[in-house]
Amino acid sequence: MLSRLLREHQAKQSERKELQEKRRREAITAATCLTEALVDHLNVGVAQAYMNQRKLDHEVKTLQVQAAQFAKQTGQWIGMVENFNQALKEIGDVENWARSIELDMRTIATALEYVYKGQLQSAPS
């Protein structure tokens with residue numbers, strides 16, 4: 001009788017150990033699945049952030065190239081405007097010079113005309 005009770009006790013204890021071992025394996029499997037799901041969920045966010053960062057880096061490089069091109073073009077425009085202003089100044093200088101020459105020529109022509117008329121009047125007729 002005592003040996004039967006001992007065997008029953010050992011059988012129940014063995015069943016409990018098997019059940020406990022089964023539950024432990026299920027808990028480990030569930031924890032592993034949960035961990036993988038959490039990591040996958042986090043990886044999606046990290047992957048999205050990484051892709052966004054790569055896109056931003058690409059856009060920054062493109063913007064830098066375009067800004068450099070714009071700065072170069074702006075420099076060329078400034079040079080052209082400065083050359084145009086210089087040409088306008090030179091045209092203004094030439095115009096003033098031409099007016100001065102014209103005024104001098106009129107003065108000379110008037111003086112020559114005056115002298116010529118004076119010579120005609122004093123010449124014997």
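This tour goes from the whole chain to single side chains.

**Ground rules**

The model is predicted: local features need pLDDT of at least 70, side-chain atom pairs count only at pLDDT 80 or more, and totals for chains, interfaces and linings use all residues. Residues are numbered from 1 along each chain as its sequence is written, and side-chain values use heavy atoms, with hydrogens and water left out.

**Stop 1: the whole chain**

Helices here are DSSP runs of H or I with at least four residues, strands are E runs of at least two, and numbering starts from the N terminus. Helix α1 covers residues 2-122.

Now switch to the C-alpha trace. Along its principal axes it spans about 185 × 10 × 10 Å. The radius of gyration of the protein chain is 53 Å, while a compact globule of 125 residues would have one near 14 Å. That radius is taken over C-alpha atoms, and the globule rule is 2.2 Å times the number of residues to the power 0.38.

**Stop 2: surface and charge**

The accessible surface of the protein chain comes to about 11900 Å², with 62% belonging to carbon and sulfur atoms. Areas come from the Shrake-Rupley method with a 1.4 Å probe; for residues, only the protein chains shown count as cover.

How many of the 125 residues count as buried, in percent? The figure is 0%. Buried means under 20% relative accessible area, exposed means over 50%, and partly exposed lies in between (1.4 Å probe, protein chains only).

Color by charge next. The mean positions of the 17 positive and 16 negative charges are 20 Å apart. Lys and Arg count as positive, Asp and Glu as negative; His and the chain ends are not counted. Each charge is placed at NZ of Lys, CZ of Arg, CG of Asp or CD of Glu.

**Stop 3: R4 and E8**

A salt bridge needs a side-chain nitrogen of Lys or Arg within 4 Å of a carboxyl oxygen of Asp or Glu. By this rule the count is six. Both R4 and E8 sit in helix α1, four residues apart, about one turn of the helix. E8 is partly exposed at 37%. R4 is partly exposed too, at 41%.

**Stop 4: V60**

Move to V60 in helix α1. V60 is partly exposed, with 43% relative accessibility. Draw a distance to R16: the two C-alpha atoms are 64 Å apart, and the residues are 44 apart along the chain.

**Stop 5: the nonpolar patch**

Select V94, W97, I101, M105, I108 and L112. Together they form a nonpolar surface patch with about 640 Å² of accessible area. Patch members have over 30% relative accessible area and no salt bridge; like charges are joined within 9 Å, nonpolar side chains (Val, Leu, Ile, Met, Phe, Trp, Tyr) within 5 Å.

**Stop 6**

E95 and R99 are four residues apart in helix α1, so about one helical turn separates them. E95 is partly exposed at 40%.

Then pick E113 and K117. Their side chains meet in a salt bridge at 3.3 Å, N to O. Four residues apart in helix α1, they too are separated by about one helical turn. K117 is partly exposed at 47%, and E113 at 46%.

Finish at E21, R24 and R25. Salt bridges with shared partners join these residues into one network.
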